[in-house]
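Hello,

Here is the structure for your files. My notes follow below it.

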Amino acid sequence: MIYRFLMLSDEVDDFKREIRIDSEATFLDLRNIILDSVKYSKDQMDSFFICDDDWSKRTEVTLVEMDTTSDEDSYTMAETRLDELVEEEGQRLLFVFDNMTERAFFMELREIIPGQDLKEAVCTKSVGNAPAQLISFDEFESKNSGSSDLGEDFYGDSEYDIDELDREGFEGLGDGPMDNPYDDDRY
């Protein structure tokens, strides 16, 4: 079988790669075609994560053995075939290419093509330039922190006082102390 993956980046809007690879290839084969397709060096530590539908990380596939004392199964790229962990169309993966900042490519198995084999993985579509392979942590922080000069015009009055709230403006509040949470001594 052939797997057709779509790969996107949340850093570069017009970036897209389509990769076709045999289902019996290893995660190391997939890593190599990804790195070749984006012209990254292969001297960095990176990982794959098998994700659920909400992109939450479930299973990690590492470049090298990381922890042999864990009760959880350990998967390495060179020894794990794709079809062991990726089984159905729509399956989502993250390829974390910058471990220091957790920057990653988002991947989805778009199609399974039965009855065909590939000797070598290929990048069949390449659109846009990939983000830089490595950035400094300070650069990452500045890109993701946004503006910090929002001030009170954005948030409202900086002298907020709960006693200024108009009790009549809240429907359904009774006169008992627990009927109005604002009467509670904690506030």
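How exposed is Met1? Met1 is partly exposed, at a relative accessible area of 38%. That label covers the range between buried (under 20%) and exposed (over 50%), with a 1.4 Å probe and protein chains only.

Some ground rules. This is a predicted model: local features need pLDDT of at least 70, side-chain atom pairs count only at pLDDT 80 or more, and totals for chains, interfaces and linings use all residues. Residues are numbered from 1 along each chain as its sequence is written, and side-chain values use heavy atoms, with hydrogens and water left out.

Back to Met1. Met1 sits in the segment before strand 1 (2-9); strands are DSSP runs of E, at least two residues, numbered from the N terminus. Its C-alpha lies 5.5 Å from that of Ser23, 22 residues apart along the chain. Beyond neighbours within four places in sequence, Met1 has contacts (heavy atoms within 4.5 Å) that include Ile21, Ser23, Ile113 and Pro114.

Next, Asp98. This residue belongs to strand 6 (residues 92-98). Asp98 counts as buried because its relative accessible area is 3%. Its side chain makes a polar contact with the side chain of Thr101, at 3.0 Å. Leaving out residues up to four places away in sequence, Asp98 touches Arg103, Gln133, Leu134 and Ile135.

Last, Met66. Met66 is in the loop between strand 4 (57-62) and strand 5 (75-76). Met66 counts as exposed because its relative accessibility is 57%.

Best wishes

Conventions
Helix = DSSP H or I, 4+ residues; strand = E, 2+ residues; numbered from the N terminus. Polar contact = N/O pair within 3.5 Å; in protein donor to acceptor, adjacent residues only side chain to side chain.
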